[in-house]
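Thanks for coming, everyone. Let me put the model on the screen and walk you through a few places in it.

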Amino acid sequence: MLFLAALPVAASDPASLLRERLAAEAGIGDPRLAEALDAFYRLRDHAPAWTKPSRRRALIKSLGEVSADGLDPDDYLTPTLRDAWAGAASGFDADTELLASRAALTALSHLLNGKVDPRRLNPDWNFHARQIDTEAELRGLSDAIEQGRLAELFAEAHPPHPLYDQLKRGLRRLRDVQQNGGWPAIEPGETLKPGMTDPRVAQLRQRLLAGGYAMAESAEPETFDSALEQAVKQFQREYRLTADGAVGKATLAELNAPIEWRIDQMRVNLERARWLLHERSREFLLVDIAGFEATYFKDGVPVWHTRVQVGQPFRKTPEYRSQITHLDFNPTWTVPPTIFRKDIVPKVRRDIGYLAANRLRVLDAATGLEISPAQVDWSAPKGILIRQDAGPKSALGRVVIRFANPYAVYLHDTPHSAIFEHDERAVSSGCIRVEHPLELTERLLADPVEWSREKIEAAIATGRTQRVHLPRAVTVLLAYWSVDVHDDGRVSFRRDIYGRDAAVLAELDRGL
């Protein structure tokens, strides 16, 4: 919590009072906030900022409006400031003055880069934080106070990205529904199917309308007509469910999720947006882990999109930022230690023929020479590697796309193409399987003469393992989003496949 201890002061004029108070409190509390507060008042030559009623009203209003960003105005002691200034036309009080400035600086900092430090949740977090010129930001705050532009400053503090504005509109829409009583629950029962007549069908219709799914008005609201079926299918597609038009257990569970849960999910993803939406690369590949999709961006515009398969919940694909530097055609696959220990060895113990059936060779780890599987003590194998030869049916398929990371993950082709038709695609051992890897390869190599699609396919056709370095490194972002916002303002949600939302929400709701 932001707080200011009452300390005795000898000076009488406001500037001297503030100077002495700041000096006395040096080293108390968050050192970054203390440093920023001291710098703010030095820029102002220690002139008070909040003596005028108009400025106080502007600050209270701005702090209250951070709710639209999914933040809690009470974190910035908005009620305390409101009470302290109630009925006071003007004047100076050092305690309240510094409390107000701390609140303003803290709220602006949270809008700029997020309230939660993602490294508390993930020690390997390496995404770039928003680069801030502290002196310029502090001068901007001081100028905004003097010029009556505080509301504009707060409104411009969040990430300057269209997705952030869409998320805010989505949150506002959900809160409007909540204020109107929420969306109606659909009573449990048998699967609702097109053609049925049932009182629960009317509940389904009302629920979808409340969620923004448009359909023609029906003279028989309890009949599951074709318009309702299309709305159900749209809902199912957007929630990554089997789009069969029938409302079974999985679809009913998503429809009946309390709106309070969805509001919290929006708040979590707004926080993630404050962490992530500062990417400065002109060209990058974004892998949306929970959405099972990848999008290629150029100059902030999506230019290519595909489906992906990601890690299973017990072998999660990490959130990470790196640079794609090279790729391999016809890659061999050296089995990673975890897969070797947990997957391969148990299968070989049951049937040593598993190795040959899957074109897996045993190599001496020290020399790289092939050895017979019969020479290995499979009850406690040591000093060996398992490698799969290249080929279209190998685990990595025709191409693997590599970037530095401590997790030994990469993007690659896969022989398991049928899984791309599944609604949920958390099936790998952590790496990212790409549906159209050769299209992605073309974009990464970006050389239609030397590396046209025909030449890429010709290189693969040789069967020879070949490493190709990109002409320039391309940023790759492995990120986790559990919400979609559509062009018409509707919001839909993904299943939180790794259970990451709860930890972010707990930190977001933690008091300061």
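**A loop, some helices and some salt bridges**

Start at F314. F314 sits in the loop that runs between β3 (301-311) and β4 (320-329). Is F314 buried or exposed? Its relative accessible area is 58%, so F314 is exposed. Now look across to S428. F314 and S428 are 114 residues apart in sequence, yet their C-alpha atoms are 10.0 Å apart in space.

Before going on, one caution. This is a predicted model. Please keep that in mind for every distance I quote.

Now the overall picture. The protein has 512 residues, and buried residues make up 50% of them. Its secondary structure comes to 18 helices and 15 strands. Along the principal axes, the C-alpha atoms fill a box of roughly 90 × 70 × 50 Å. What about contacts across the sequence? Take the contacts with a separation of 6 or more: 68% of them are between residues 24 or more positions apart.

T106 lies in helix α5, residues 94-113. At 9% relative accessibility, T106 counts as buried. In sequence, T106 and L512 are 406 residues apart. In space, C-alpha to C-alpha, the distance between T106 and L512 is 9.7 Å.

Next, helix packing. Two packed helices are described by the angle between their axes and by the distance between those axes. I have two pairs to show you.

Helix α2 covers residues 31-43, and helix α7 covers residues 134-147. Their axes come within 10 Å and cross at roughly 55°. That angle makes α2 oblique to α7. The crossing of α2 and α7 is right-handed. Which residues of α2 meet α7? They are A36, A39, F40 and L43. On the α7 side, the residues are E135, L138, R139, L141, S142 and I145. Sorted by class, this contact of α2 with α7 has seven nonpolar residues, one polar and two charged.

The second pair is α3 and α4. Helix α3 is 53-64, and helix α4 is residues 78-85. The axes of α3 and α4 are 10 Å apart, and the packing angle is about 160°. How do α3 and α4 run relative to each other? The cut-off for roughly antiparallel is over 145 degrees, and α3 and α4 are therefore roughly antiparallel. Their crossing is left-handed. From α3, the contact uses R56, L59, I60 and L63. From α4, it uses T78, L81, R82 and W85. Those residues of the α3 and α4 contact divide into five nonpolar, one polar and two charged.

Now the salt bridges. How many are there? The count comes to 41. I will pick out a few.

Go back to α2. The side chains of D38 and R42 meet in a salt bridge, at 2.9 Å from N to O. Both D38 and R42 lie in helix α2, four residues apart, which is about one turn of the helix. D38 counts as partly exposed, at 25% relative accessibility. R42 also counts as partly exposed; its value is 48%.

Then R44 and E146. Their side chains form a salt bridge at 2.8 Å, N to O. Where does each of the two lie? R44 is in the loop between α2 and α3, and E146 is in helix α7, so this pair ties together parts that are 102 residues apart in sequence. R44 counts as buried, at 9% relative accessibility. E146 counts as partly exposed, at 43%.

One more pair: E65 and K61. Here the closest N and O atoms of the salt bridge are 2.6 Å apart. E65 is partly exposed, with a relative accessible area of 40%. K61 counts as partly exposed at 49% relative accessibility.

Last, a network. Which residues do salt bridges with shared partners join into one network? They are R240, D288, E293, D484 and R494.

Methods:
Residues numbered from 1 in each chain as written. Predicted model: local features only at pLDDT ≥ 70, side-chain atom pairs only at ≥ 80, totals over all residues. Heavy atoms only, no water. Axes fitted to C-alpha atoms, helices over the stretch in contact; angles between N-to-C directions. Parallel < 35°, antiparallel > 145°, perpendicular 65-115°, else oblique. Left-handed = near helix turned anticlockwise from the far one by under 90°. Contact = heavy atoms within 4.5 Å. Nonpolar A, V, L, I, M, F, W, Y, C, P; charged D, E, K, R; others polar. Salt bridge = Lys/Arg side-chain N within 4 Å of Asp/Glu carboxyl O. Buried < 20%, exposed > 50% of the residue type's maximum accessible area, 1.4 Å probe, protein only.
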